[in-house]
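I opened a new model today and kept notes as I went. The entries below follow the order in which I looked things up.

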Amino acid sequence: MNQILFGVIATLGVLAALGTVLARNLVHAALFLVAFFFLVACQFVMLEAEFLAAVQVLVYIGAVAIILMFGIMLTRNIQGDDTTTVSKAGFISGGLAAAGLLAVLVFGILDDEGRTGRAGWRDVTTRPAVYPVAARASAEQTKAVNNMGFVVGRELLTRYLIPFEVAGVLLTAALVGAIALAVQDGPSTDDPAERAKKAAEHTAAAETEPQLTSA
Amino acid sequence: MNVATDWALPLVWAQQSELDSIPWLKWIIVLAVVFFGIFPGIVAYMVWGERKVAGRFQDRIGPNRVGPFGLLQPIADAIKLITKEDIVPRTADQWVHLLAPVMILVSAFLVLPVIPFGLGLAAVNPPSGLIYLIAVSSISALGIFLAGWSSRNKYSLLGAMRAVAQLVSYEVPQVMSVIPVILWTGSLSMVAIFDRQVEYGWFIFSPPGLLAFILLTIANIAEVNRTPFDLPEAESEIIAGYHTEYSGMRFGLFFLAEYLSVFAVSCLGTAVFLGGGTLPWPFTGEPVVTLGSGQGLLSLILVNLPLIGIFMAKVGLYVFLMFWIRCTLPRLRVDQLMSFAWKVMVPLSIINVFIAALWYEFVFRPGRPNYLLGWGVTAPLVLISVIVVLSIYKAQMKADLAASPTSRRRIATAN
Amino acid sequence: MSSELLFEFVYFIPEIVLAFWGLLVILLDVALLRGRPSETRGKILGMVSLVGAILALVSVFVPDMLSFGSATGAPETSIFFGAIFQGPVVERFSAFIIILLMFVIALSTTWNFTEHWGEYFGLLFWTAVGMIMLIAAEELVTLFLTLELMTISLYIITAFEKDLNRSSEGALKYFVYGSVSSALFLFGLSLLYGLAGTTRLSAIGAVLEPQQSVAGLGRNIAGAMSVLLILVGFGFKISAVPFHQWAPDAYEGAPAPVSAWLATGSKLASMIALTKVLIQALGAWASGDGNLASPGWVGILAVIAALTMTYGNFAALAQKNLKRMLAYSSIAHAGYMLVGVMAVAVAAGSRVAAGPILFYLVVYSVANIGAFAVAAWLFRDKKTDEIEDLNGLFAQYPFLAVCTLLLMLSLIGIPGVAGFWGKFFMFSEALTQGEDKHRLTFLWLVGLGLMNSVISAFYYVRVLRAMFLRPSTGAPLKPPTFAIRVAVIGSALVVIIFGLYPTPLTDETDRLADSRIFDSRLKHTGPAPKVALNGGLQPVASPVGK
Amino acid sequence: MHDIPLTWFLIFASACFVIGLLGVLVRRNAIAVLMAIEIMLNAANINIIAFWRYSVPGPEESPVSGPMLAIFVITIAAAEVAVGIGLILLCYRRRASADVDQYDSLSG
């Protein structure tokens, strides 16, 4: 039953990923990407990480996809069509490279035979059961699966304190930087006459800029 | 609480080995009856109610022709919408044009299963229910954007851009304002939040809770695009915004989704801050716990009937509040809308998290609930922070108005 | 909070100071300096930032002052639940990075290239936080986050000269290559997580070691893919060929102080992190049965190193732009340093093998700060930074020209300046470490390195020729600012002092290299250490049966 | 009732990763490249969560080491997209094109 479910989700996921990569229209590509994000969230549910699935939907569909859509709207024609074509040769060579990498990866995964103290990946066919079923399972692990939000919250402030703080700095940096980059450098004075003069200077400077290129 | 846990999402059951047919059956019944019968019915009569209320506010009678008191009006409207010709603009992106309202509707529907309407009456009780709720409600922004984009109409696109900017901005205070509740409950589960309020009384009965409730209500109103935050669909500016190019049942879907999300956010506010179906403290606790302890079907029904009744009454009041605000306040300007979100709502909700932590220390910390000290410390803090943030905001708005030449001109022409 | 954790914060003060000073600078910019012309804001905020950097520099030594450790620095510990490594190497290199940051801040005030000074200095501080913690990270989550903190902030400040096309263009290329490589890196990291079952570097090392039924990466394609992808990620960060394409564009496009920061701080931190991850965590996969050609990352590294130094030097020959030339030269230097990393990998039992890399990094960074200071000076007065803009510098500013000469000589590796010792120690380390069967490979690599040094002389000499032999052209150079003067003269002094008398610095770097982060367990002589398996996918009994 | 073998998840993740890489190689629009990068990051996350769920954490390990890593990856992805869109907007304003190919003034 869940094997079939996995098959359906995985097939749809691969199709959505392909759609993202191949769709000419950027908005369609972004839509496929949203579908892909959602299917990845479904995979997280299949892996009993519902909390992560919710976070995935919240961050990726609720924020990342929206930012991407805004990006498409603000940079391209309103239709969202990708006017640049990819040469067939580029496509074939890219596809061949990707197929080769996939073959190596799949072979590597299926070939993993395990080492001392670890089962090979190909031999792991069932996930370790958690508490009510398996007496062996630790209470911690059971809680991590059944109430991940709680455990994650606790770990964030103990064992993962430093990554948590760094993530905070990273998000602040991204926020500050993205605003500084995207804002239109307007004149900073409030006087309208001064403002117009500065704006004119700004455009003039942009037009007369030397091409700083080298051979 | 067993009832709640095994009514899980299909995906969740699928991997539980004790999967049998009965939860599926239950799920199908719930889906058919509740989701396609009861909720659309509620929506239909909410529209009727709004028209009646608005009529009274504007010194009119409101719908009164179809059926007694116009009670059949919503049904007539629905028939009209369904039978109307479904027009799709020729240049529109067909599939996306169809997908957009469906996406919004699905987002509105998906919020409802985690709401605990009564004891064991949350359709699902995932341990991270609140995050799930926030996550699925954020999908609607995408639907609105796609609706605007696929219509190939500049008004639609403008409306969509406005709507998305607004939704994204107000989502921040919306999420931040429920953080006190998560802090006090120690869980993201909606059912746990309900239980906690049964134990300790409604969360609104505390200074930080009150502030959080007010912030949540404002953010909710903005999230469902209602006046005074209805810029995305402002008829007089951008002729209904993102659903300009929708007609017939597709428009009906937008309509359904909008009122459904009004209902959903009212349920959210009620469940999270107003104690769900319980009566105010100190009348809570006892009856619910004693009745709920019996496991029989009868006791379940006996408990749930008043619970659902009280819950619905509260939701009704919440919805009425939204209608009232709609009838009273004018629409904001875009810059006012955004600066209000980022300069008032977000700072206040962040400050409120810290005040809520104080309240936790005084009241919820196991062993020593000290309400007097809690109120004595947090109430002045809440007051001070509100006054400070608002006065800074006002002063800044005044300075901006004085400095900006465009707004001076606007005032001059208005005069 | 336990008092132990509070104590651990003492080691963390520099990072806290830097992070909060970044916020402070931004707040100062938007609150107090609002409406002032951007030139004054830049000057004031530069001063404030320098104060912050000095505070952070002082706070690096707080644990020493509180005498947490002995006089030679704090003992090596893991703090914050094993997320962060603390030891002399981290402490001294934090201090060094903060000193570099001070030079970058000082150089930034040379000319008025942005309106967003608050954000600019804030991001500089946060990159420094990322670099310091990248050196200190002892766990893959922290390592990846700090790596991203550093690079994402660098993408942004690369684009800060918004008046120029080349700035945003360089930043976009940097961003695209950078984020692709971090996605590849992450996938490799996920495979490694699956193979080792843990994210702590030392635990990974402990788990991988007894897993060897076949030495190195033999019969372990998943492990090989993981190593390859991780090498791609790091290769991008240190701009090794073939992941170097972003570097010339980003270096040329970025404002000169940012280019200096890219070439020194970023490369230094990434190089140490690369060495740390490869040696400490993946040491077991270095090579099979000690043979360099057998499956293992040393072989891959040898190819990358050879390609990197050769390509970097040959491409630099064709450059006319000073910053672009320095970019290619920094690519070439990354190649030399990779040879040093290989030497650490094959060094048997000796932990100090990483000393020459640290020495090289210090000398290289110092020389580059000076060189980019010259580029900043050029751009301030001439609005270009071609090599020919240096024409006639000697006639105008003889002392600074001589200092620049010393820097260039150090980058070539001429005896008498510090760069020579850097190359000498590293190459001799490469030739003496390891067993006899490695000798030939290393001989080839060192030979290639020496040949490349000769080639590099040609393009560095072009700079010298412009300065000393050509008559002055174009707009005249105005006298340099104090910051440029200090950067050029100071780095020239360092280069010449350690060129004539390198012993203090080599002693210090050898001492710092004697750390467990540069210690591969596999290379221990004597009985293998007994390690508990703290992770790993343990075999799972399946109830349903298979 | 058979459980899903671990390798299925890994192969699915590898397929997504490779598709993302293909996107990076063949697409020229910077935003499309950004989307492809997101696919690759998601593939890595699936790997991480699969490894986490199919293993028993060691005694010294965090019980949620995998989800933790995944959550931080999601954080980084969000930051990266925000910065990326900011950069693309900046370039677009100067060049009126979001295609990576158009940015060829720096070369050599």
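I count two residues as in contact if their C-beta atoms, placed from the backbone, lie within 7 Å. This is a predicted model, where local features need pLDDT of at least 70, side-chain atom pairs count only at pLDDT 80 or more, and totals for chains, interfaces and linings use all residues. Residues are numbered from 1 along each chain as its sequence is written, while chains are lettered from A and ligands numbered from 1 in the order in which they are written.

**Entry 1: chain A**

I began with the contacts inside chain A. Among those between residues at least 6 apart in sequence, 41% join residues at least 24 apart. Next I listed the elements; helices (H or I, at least four residues) and strands (E, at least two) are DSSP runs, numbered from the N terminus. Chain A has 8 helices and 0 strands. I then checked burial. A residue is buried if 20 or more other C-beta atoms lie within 10 Å of its own, exposed if 12 or fewer, and partly exposed in between, with C-beta atoms placed from the backbone. By that rule, 44% of the 215 residues of chain A are buried.

I looked up the domains too; their bounds come from an automatic or database domain assignment. Chain A splits into domain 1 (1-80) and domain 2 (131-184). Taken over C-alpha atoms, their centres are 22 Å apart. The contact takes 4 residues from domain 1 of chain A and 4 residues from domain 2 of chain A.

**Entry 2: what chain A touches**

I turned to chain B. The contact involves 28 residues of chain A and 28 residues of chain B. On the chain A side, α1 (2-22), α2 (26-46), α3 (50-75) and α6 (148-156) each give two or more residues. The largest share, 12 residues, comes from α3(A). I sorted this side by class: Ala, Val, Leu, Ile, Met, Phe, Trp, Tyr, Cys and Pro count as nonpolar, Asp, Glu, Lys and Arg as charged, and the others, Gly among them, as polar. The side of chain A that touches chain B has 21 nonpolar, 5 polar and 2 charged residues.

Chain D came next. Here 81 residues of chain A are in contact with 70 residues of chain D. On the side of chain A that touches chain D, α3(A) gives the most, with 13 residues. That side divides into 54 nonpolar, 19 polar and 8 charged residues.

**Entry 3: a helix in chain D**

Does the length of helix α3 (residues 65-95) of chain D agree or disagree with its residue count? I took the expected span as 1.5 Å times one less than the number of residues. The 31 residues should span 45 Å, and the end C-alpha atoms are 44 Å apart, which agrees. I also found 27 of the 31 residues of α3(D) buried.

**Entry 4: chain C**

Chain C has 21 helices and 2 strands. Of its 546 residues, 67% are buried. Among contacts in chain C between residues at least 6 apart in sequence, 80% join residues at least 24 apart.

Chain C is divided into domain 1 (9-138) and domain 2 (139-519). The contact takes 39 residues from domain 1 of chain C and 46 residues from domain 2 of chain C. On the domain 1 side, α5(C) gives the most, with 13 residues.

Helix α5 (residues 88-108) and helix α15 (residues 355-382) of chain C pack at about 5°, with axes 11 Å apart. Axes are lines fitted to C-alpha atoms, for helices over the stretch in contact, and angles run from 0 to 180 degrees between N-to-C directions. α5(C) and α15(C) are therefore roughly parallel (under 35 degrees). From α5(C), C:Phe96, C:Leu100, C:Phe103 and C:Leu107 meet residues of α15(C), among them C:Val362 and C:Ile369. The contact has 8 nonpolar residues, 1 polar and no charged.

A cis peptide bond joins C:Val241 and C:Pro242, with omega about 5°. C:Pro242 sits in the loop between α10 (221-237) and α11 (246-253) of chain C.

C:Lys383 is not a glycine, yet has a positive phi of about 65°. I placed C:Lys383 in the loop between α15 and α16 (393-396) of chain C. C:Lys383 is partly exposed, with 15 other C-beta atoms within 10 Å.

B:Asp59 also has a positive phi of about 65°, although it is not a glycine. The loop between α3 (21-57) and α4 (73-83) of chain B holds B:Asp59. Is B:Asp59 buried or exposed? B:Asp59 is exposed, with 6 other C-beta atoms within 10 Å.

Note on methods
Parallel < 35°, antiparallel > 145°, perpendicular 65-115°, else oblique.
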